[in-house]
Amino acid sequence: MEKSRCDCGCLHADDLEKAQETLRKTDKYNCALAEFFKTFADETRLKIINILDSTGKMCVCDIAVALNVTKSAISHQLSSLKKLNLVRAQKMGKEVYYTLSDDHIKKIYEMGVEHIKEAVR
C-alpha cells in the first residue's frame, strides 16, 4: 500500500513561499468563501438553486409546492441565499419572484453536478 504522506523531512522553500504568499493574498476572502460554500451544503437550498437554474424565476409559493415544503421554510432558505447574493428578489405587483443572482451561481451549481456525475461513473 502506498503512503500518502511525505517522509522526506525537508522543506521546499520555493513552494512554501508561494503557498504563504497565496494565503496572505486570499486570507481576507476565506471566511466569506467558507460561508458561501456552506450555503451549498444544504439540500433544500441546492434544490432551490436547481429550480431557479431551470426555470429562470419563480415565486415562493411555486417553489414551496415544487419541493413539498412550507412557504415559511422556503422563505427562510431564500433569505439565506439572498444574504450571500446567490438569489435576487423582484417584486411584481403582490408577487415576489426569485432568480439566481448571476451566471456564476448557475456555473458553480452546474459544475458541481458535473463533477459528481463524473465521480460516480
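Modeller: Gln-77 is buried, with a relative accessible area of 12%. The model it belongs to is a predicted one.

Colleague: Why does 12% count as buried for Gln-77?

Modeller: Buried means a relative accessible area under 20%, so Gln-77, at 12%, falls in that class.

Colleague: Where does Gln-77 sit, and which residues is Gln-77 in contact with, leaving aside its neighbours within four places in sequence?

Modeller: Gln-77 is part of helix α4. With those sequence neighbours left out, its contacts are Asp-42, Thr-44, Arg-45 and Ile-48.

Colleague: Next, helix α3. Which residues of α3 are buried?

Modeller: The general idea comes from helix geometry. An α-helix has 3.6 residues a turn, so residues three or four places apart point the same way. In this structure α3 spans residues 60–67, and Val-60, Ile-63, Ala-64 and Leu-67 are its buried residues. They lie on the same side of α3, because the arc they cover around the axis is only 100°.

Colleague: Which residue follows α3, and is its phi positive or negative?

Modeller: Asn-68 follows α3, and its phi is positive, near 55°.

Colleague: How should I read the sheet? What is the order of its strands?

Modeller: Look at the order and the pairing. This is an open sheet of 3 strands, ordered β1-β3-β2, and the pairing is antiparallel. β1 and β2 (87–92) are at the edges with a single partner strand each, so one side of each has no neighbour in the sheet.

Colleague: How many bridges join β2 and β3, and which residue stands opposite Gln-90?

Modeller: β2 and β3 pair over 6 bridges in the antiparallel sense. Tyr-97 in β3 is the residue opposite Gln-90.

Colleague: How does α2 lie relative to the strands?

Modeller: α2 lies across β1, β2 and β3, and runs at about 90° to β3.

Colleague: Last, the cysteines. How many disulfides are there?

Modeller: A disulfide needs two cysteine sulfur atoms within 2.5 Å. By this rule the count is 0. Cys-10 is in no disulfide, as the nearest cysteine sulfur, that of Cys-8, is 3.2 Å away.

Colleague: Are Cys-10 and Cys-31 buried or exposed?

Modeller: Cys-10 is partly exposed, with a relative accessible area of 40%. Cys-31 is exposed, with a value of 59%.

Note on methods:
Residues numbered from 1 in each chain as written. Predicted model: local features only at pLDDT ≥ 70, side-chain atom pairs only at ≥ 80, totals over all residues. Heavy atoms only, no water. Buried < 20%, exposed > 50% of the residue type's maximum accessible area, 1.4 Å probe, protein only. Helix = DSSP H or I, 4+ residues; strand = E, 2+ residues; numbered from the N terminus. Arc of directions from axis to C-beta. Pairing = 2+ DSSP bridges. Contact = heavy atoms within 4.5 Å. Axes fitted to C-alpha atoms, helices over the stretch in contact; angles between N-to-C directions.
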